[in-house]
Amino acid sequence: MPDPVSPDPVAPAPVSRPSPARSVVHLSNDPYEVNGMQAGFQLPRWVWRSMFACYAIFFLGLGAATGRDTATIFMLVVSALYALMYFATAGILHAQKGPEHASPLDRVGGMLDTWTGPMDGQTVAAQILAVPAGFAFLGVTFLIVRWTAGF
């Protein structure tokens, strides 16, 4: 019978675990993070501002064309608040995330790497701003129809 006090030669050696009070080294899951900066979406500010402006044009045009009674104005205000919440949430999360690298599209001839290959600024803008520009066009169209109909 083995001696209970002597260590078992087959058992693994005890592992010392760091205490929670010790400093923990941050290992990022983002392979593009360097010195605390992250790659992020790498979209220039003008893309976000253009998107916001397109939605503002949509709501202003729709409000001017159809906002004649309280129920319609209430519906437009609620919808505009949802759109504002979208942009405010993105801004708050961006501020919490920390600094990002500058967008490669801010440089002359800069290309943005995507899953389908590198894209220049015009291609990125066309893909991202197609729907918001369509909404802005719709808002302006409603306003023009309203003015030409004389209501």
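Modeller: Helix H1 (45–66) and helix H2 (70–97) each give at least two residues to the lining of the largest pocket. This is a predicted model, where local features need pLDDT of at least 70, side-chain atom pairs count only at pLDDT 80 or more, and totals for chains, interfaces and linings use all residues. Residues are numbered from 1 along each chain as its sequence is written, and side-chain values use heavy atoms, with hydrogens and water left out.

Colleague: What makes a stretch a helix or a strand here?

Modeller: Both are DSSP runs, numbered from the N terminus: helices are H or I with at least four residues, strands are E with at least two. The chain has three helices and two strands, in the order α-α-β-β-α from the N terminus.

Colleague: And what makes something a pocket?

Modeller: On a 1 Å grid over the protein atoms alone, a pocket is an open set of points with protein on both sides within 12 Å along at least five of seven lines; lining residues have an atom within 4 Å of a point. For the largest pocket, 18 residues meet that lining rule, and Leu 43, Arg 45, Trp 48, His 94 and Glu 100 lie nearest its centre. H2 supplies the largest share of this lining, six residues.

Colleague: Why is Phe 52 called partly exposed?

Modeller: Buried means under 20% relative accessible area and exposed means over 50%, with partly exposed in between (1.4 Å probe, protein chains only). Phe 52 has 40% relative accessibility, so it counts as partly exposed. Phe 52 sits in helix H1.

Colleague: Why does Phe 135 get the label partly exposed?

Modeller: Its relative accessible area is 32%, so Phe 135 is partly exposed. Phe 135 belongs to helix H3 (residues 121–149). Between Phe 135 and Ala 56 there are 79 residues in sequence and 9.6 Å in space, C-alpha to C-alpha.

Colleague: How much of the chain counts as buried?

Modeller: Of its 151 residues, 20% do.

Key
1 Å grid on protein atoms, 1.4 Å probe; cavity = no way out; pocket = protein on both sides within 12 Å on 5 of 7 lines; lining within 4 Å.
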